[in-house]
Amino acid sequence: MKLAFIVGSQKAADSNSEKLLELLKEQMQPQHEITTFYANKSTMSSTDLKLMDKCDALVFSFPQQEQGLPTHLCKCLKQITQHFEAIKKRDYPVYALCNTVRCDGIETENALQKMKIWCVSAGLTWGQGLGVGGSGVIACMEQLPLPLSPVKQYVSTLQEFAKNIAGLEQGEDMFKSYFLPQFLYKTVVRYGWHKKTHSSRKTPKWLEIQPVGTSNAFEIS
């Protein structure tokens with residue numbers, strides 16, 4: 001079976017959305033052929049769209065932005081709709097994985113609902129949505145002890161999500177929260193941000209003047 005994994009973050013690489021798809025891929029059986037596409041701009045290439053329509057399902061991964069979808073992703077969805085209408089392809093299963101920097105995964109409910117509305121309006125089939133909280137720790141998850149790692153907390157939910165995708169089955173939307181005391185969560189997230197300032201050759205003080213959520217190295221992804 002061919003699957004299209006679509007990264008809906010504005011970041012061209014190393015985004016939380018992409019890392020979540022990598023974790024999901026680890027839960028998939030090796031016989032599945034997975035092609036990753038990057039919807040990090042307002043348009044997608046005709047080559048990508050043609051490759052996409054040869055897949056058996058679309059799996060999106062994107063960050064929640066102001067309880068909705070990223071603006072550039074909305075434009076890409078419109079383009080996908082037009083392409084599928086042109087080739088008269090309908091009832092195509094769609095799965096969505098939405099992440100939020102907040103601990104509670106239910107915060108992504110509105111974003112997944114909007115994705116579901118797009119799916120129905122485009123004549124496609126909604127498979128399932130998964131909302132994941134605590135994405136702020138994903139950037140530094142490799143340095144965390146296993147009990148605090150989001151991998152340990154996400155894996156069982158991702159396995160269930162992967163099983164439904166593999167069977168092209170529908171399911172109730174799921175929401176996975178990251179359980180960690182708030183003060184400790186902030187400490188872990190800040191640790192990850194400071195690591196990024198170092199790799200970006202910026203000083204930690206830069207965090208004080210550059211708001212999170214703008215187009216910088218620390219935007220939600």
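**Ground rules.** I number residues from 1 along each chain as its sequence is written, and side-chain values use heavy atoms, without hydrogens or water. Because the model is predicted, local features need pLDDT of at least 70 and side-chain atom pairs count only at pLDDT 80 or more, while totals for chains, interfaces and linings use all residues.

**Cysteines.** I searched the whole structure for disulfides (pairs of cysteine sulfur atoms within 2.5 Å) and found zero. For Cys 74, the nearest cysteine sulfur is that of Cys 76, 9.3 Å away. I then looked up exposure. Buried means under 20% relative accessible area, exposed over 50%, and partly exposed in between, with a 1.4 Å probe and protein chains only. Cys 74 is partly exposed at 37%. Cys 98 is buried at 0%.

**Helix H1.** Helices (H or I, at least four residues) and strands (E, at least two) are DSSP runs, numbered from the N terminus. I checked the length of H1, residues 16-27. The expected span is 1.5 Å times one less than the number of residues.

**Cores.** A nonpolar core is a set of buried Ala, Val, Leu, Ile, Met, Phe, Trp, Tyr and Cys residues joined through side-chain atoms within 4.5 Å. The largest has 29 residues, and Leu 58, Phe 60, Phe 62, Met 115 and Trp 118 touch the most other members. Among the elements giving it two or more residues are strand E3 (57-63), strand E4 (93-99) and helix H4 (109-121). A second, separate core of 24 residues includes Leu 3, Leu 24, Val 59 and Leu 130.

**Strand E4.** Seven of its seven residues are buried, so E4 is largely enclosed by the rest of the structure. Pro 93, Tyr 95, Leu 97 and Asn 99 point one way; Val 94, Ala 96 and Cys 98 point the other. I looked for its partners, where pairing takes at least two DSSP bridges. E3 runs parallel to E4, with six bridges. Pro 63 stands opposite Asn 99. Strand E5 (residues 125-132) is also parallel to E4, through seven bridges. Leu 97 faces Leu 130 there.

**Pro 93.** This proline lies in E4. Pro 93 is buried at 13%. Beyond four places in sequence, its contacts (heavy atoms within 4.5 Å) are Asp 56, Ala 57, Leu 58, Thr 125 and Leu 168.
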